[in-house]
Amino acid sequence: MSDGIQRRVVSLWFPQLASDRVLRQHLIDAPFVLTLKQKNANRIYCLNGDATRKGLHRGMSYADARAFCPSLQSAPADPAQDERFLHVLRRWAMRYCPWVGLEGCDGLVLNITGSAHLWGGEPAMITDMRRRLAHAGVSVRIGVGDTRGAGWAMAHYGEGIAPARDMLGTLAPLPVAALRLSDDMSVALQRLGLRTIGDLASAARAPLTRRFGPGLLLRLDQALGHQSEEITPLADPPHYGVRMTLPEPIGLLSDVMAGTERLLVQLCAKLKAQEMGARMLCVILRRVDQDEQQVELRLARPLRDAKRILPLFERGLSEAEAGFGIDQLRLEATQVESLPAQQISHVSGRASDKLDDLISRLGTRIGLENIQRFLPADSHIPERSFIIAPAAYSDPQSGWSSANPRPLCLFPPEPIAGTGPHPPNRFRWRRMSLTMGRATGPERIAPEWWLSDENWRTGLRDYWRVETKQGRRLWLFYTPQNPGWFVQGEFA
Amino acid sequence: MYSPFLHVFPPAGARTHEVCGSGAYGFAFALAARLGGQMLWVREAWGAVQLNPSGFSDFIDPATLTICDTKDQKDVLAVTEEALRSNAVALVVITLSQPIGLTEGRRLQLAARDGKATGLAIIPEGMGSNAVESRWRCSPAFDVKDSTLQKWELIKNKSGTLGVWYVRWDTASRRLTVVSPAGE
């Protein structure tokens with residue numbers, strides 16, 4: 001251990017993190033619980049102070065809890081959101097010191113060595129934490145000690161500040177469970193008569209290790225500072241943004257493009273280091289009159305090649321209004337996707353780079369989702385045998401097959417006059433009078449009963465390919481369950 | 001009297017052409033199959049006619065087709081010009097609902113020349129633009145034996161003679177066959 005500065009650790013425990021998060025949004029002044037389905041029953045996941053006073057506890061079944069307390073209010077729990085909230089709190093705690101790690105799923109641990117004096121000492125710092133958290137509506141218990149273990153013990157069982165360099169003296173009266181032991185182990189220790197940490201520290205070490213394994217004494221040593229324990233701060237997610245401030249305002253398109261190019265090169269280097277590619281980019285041009293112009297660019301596929309991205313910006317930047325001049329450029333990749341480095345080979349070279357760039361460029365004019373391609377779908381209903389997907393977010397697929405000839409184009413069914421199951425010899429369609437030359441069919445297609453489709457309410461369809469003497473080749477169908485004839489498509 | 005079909009089909013590259021008539025879609029896909037490569041289809045979003053990939057898979061692989069849905073004809077023309085100029089696609093097909101002026105037609109012609117791509121406009125009958133290189137009228141024809149017979153008329157040609165051909169599409173080999181008009 002270091003001789004100079006004494007290491008100090010703050011442990012924050014949020015006993016009601018989940019319910020506090022929900023109640024922050026809409027305050028409920030009544031017993032309130034969050035329920036989670038565990039072991040096939042709705043159980044209490046987290047509860048507020050009112051509910052605790054009514055005698056409810058965690059893990060209780062929700063049905064029992066409602067019987068105890070009829071005025072109980074509840075909401076479903078969302079552990080993923082709680083975790084996100086804890087990360088928000090972790091970010092907030094960075095205001096006290098730069099070294100903040102997570103402690104389980106409901107606590108934080110802060111290494112405040114050398115930063116407490118900035119807040120006027122530890123008590124003032126703790127008071128500030130309490131005040132701010134109370135204002136935010138988050139209940140907290142705070143412990144301060146020389147080690148992570150001591151901080152945890154103080155937060156959960158003592159609450160307060162353990163004076164420096166005297167951990168054993170402060171922790172001795174606390175129960176053994178304060179050493180972060182499993183329930184089984186702490187019960188077994190109590191059966192042996194070792195109720196407090198002081199008892200445990202004065203007992204002989206060898207028999208304890210033989211009976212409980214090395215874990216127990218490791219926890220004790222960690223709490224007392226004989227064994228070191230790390231606090232792992234989380235890395236901040238990389239930020240894909242760069243900016244440039246100019247001494248003199250600029251206004252020419254070529255100047256703005258040159259500035260954007262410099263920023264793009266920096267951004268692409270950043271993206272390359274993380275093996276990411278930008279999907280959406282945004283240039284923000286700040287003018288001297290403090291007005292801001294935004295130029296967005298959505299790409300047809302993730303890219304980190306400055307030379308290819310730059311020309312795509314040209315159209316957007318040329319529309320921006322420079323006013324009295326632009327004195328700051330900011331470039332940010334607002335949406336990134338992973339783009340791992342790939343082996344270049346002569347076999348699988350991508351020939352569609354040009355097409356992707358074209359799609360990006362057209363996307364700036366008509367919207368990227370309006371540029372589409374056909375993908376095969378697994379259905380025998382003609383109009384559902386394909387799906388239309390945005391080309392930027394899908395890969396071309398093969399696997400088109402049809403046993404019977406299909407028309408080149410489809411349109412909504414248009415009724416024609418006709419009776420009987422055989423195609424009419426003469427009929428009128430789109431104000432043309434047509435004579436049947438040859439009819440091929442029928443091909444019966446049944447509706448997909450598992451999907452309710454308005455257009456297929458008429459039931460079965462018998463499709464006929466009808467070639468007329470006038471030349472047009474039409475796709476007709478007859479609905480035997482609801483007699484009628486319709487035209488739905490045309491062949492080449 | 002007739003110029004050989006090989007001289008007029010596929011129509012001159014790096015130019016724009018027009019096609020009208022009820023067989024226009026068949027012509028467009030046959031041309032795409034002949035040219036190969038990527039194809040872009042630009043249309044207005046409100047059209048009720050839907051291309052059917054199971055149908056045109058007899059002509060080309062549907063994976064090579066990209067569609068652009070635009071809100072009006074102005075966007076159709078702008079997108080087409082950009083696509084023709086980009087040199088990324090071999091064929092750009094557009095469906096027009098209103099006649100285009102000489103200026104627009106000429107702009108597309110120049111874009112096609114710069115990008116070395118072929119442009120094909122599907123137009124309503126009689127709404128052609130004077131700037132195009134050639135204009136075709138296509139209509140399916142009835143034949144007792146065959147069900148792919150088409151009558152293709154070249155009704156405008158800036159660099160050659162006009163003509164009428166009867167063609168059929170061979171699905172297995174994906175190619176056109178010209179049949180003798182004496183079959184009537």
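**Chain pairing and interface**

A: In this predicted model, strand 15 of chain A pairs with strand 3 (residues 50-51) of chain B in the antiparallel sense, over two bridges.

Q: Which residue does Leu410(A) stand opposite?

A: Leu410(A) faces Gln50(B), which belongs to strand 3 of chain B.

Q: And how many residues are in contact between chain A and chain B?

A: On the chain A side there are 41 residues, in contact with 46 residues of chain B. The area buried between the two chains is about 3700 Å², and carbon and sulfur atoms give 62% of that area.

Q: How many salt bridges does the rule find across the interface?

A: Two salt bridges are found between chain A and chain B. Arg361(A) forms a salt bridge with Glu82(B), with the closest N and O atoms 3.2 Å apart.

Q: Which element gives the most to the side of chain A that touches chain B?

A: Helix 14 of chain A does, with eight residues. By class, that side of chain A has 20 nonpolar, nine polar and twelve charged residues.

Q: Changing topic: where is Leu108(A), and is it buried or exposed?

A: Leu108(A) is in strand 6 (residues 107-111) of chain A. Its relative accessible area is 0%, so Leu108(A) is buried.

Q: What is Leu108(A) in contact with, beyond its neighbours within four places in sequence?

A: Its contacts include Val10(A), Phe14(A), Leu86(A), Arg90(A) and Glu103(A). Ser11(A) is another of these contacts; Leu108(A) and Ser11(A) are 97 residues apart in sequence, yet 5.9 Å apart in space, C-alpha to C-alpha.

Note on methods:
Residues are numbered from 1 along each chain as its sequence is written. Chains are lettered from A and ligands numbered from 1 in the order in which they are written. This is a predicted model: local features need pLDDT of at least 70, side-chain atom pairs count only at pLDDT 80 or more; totals for chains, interfaces and linings use all residues. Side-chain values use heavy atoms; hydrogens and water are left out. Helices (H or I, at least four residues) and strands (E, at least two) are DSSP runs, numbered from the N terminus. Buried means under 20% relative accessible area, exposed over 50%, partly exposed in between (1.4 Å probe, protein chains only). Contact means heavy atoms within 4.5 Å. Buried area is the accessible area (1.4 Å probe) that two parts lose on being put together, summed over both. A salt bridge is a side-chain nitrogen of Lys or Arg within 4 Å of a carboxyl oxygen of Asp or Glu. Ala, Val, Leu, Ile, Met, Phe, Trp, Tyr, Cys and Pro count as nonpolar, Asp, Glu, Lys and Arg as charged, and the others, Gly among them, as polar. Two strands pair if DSSP finds at least two bridges between them.
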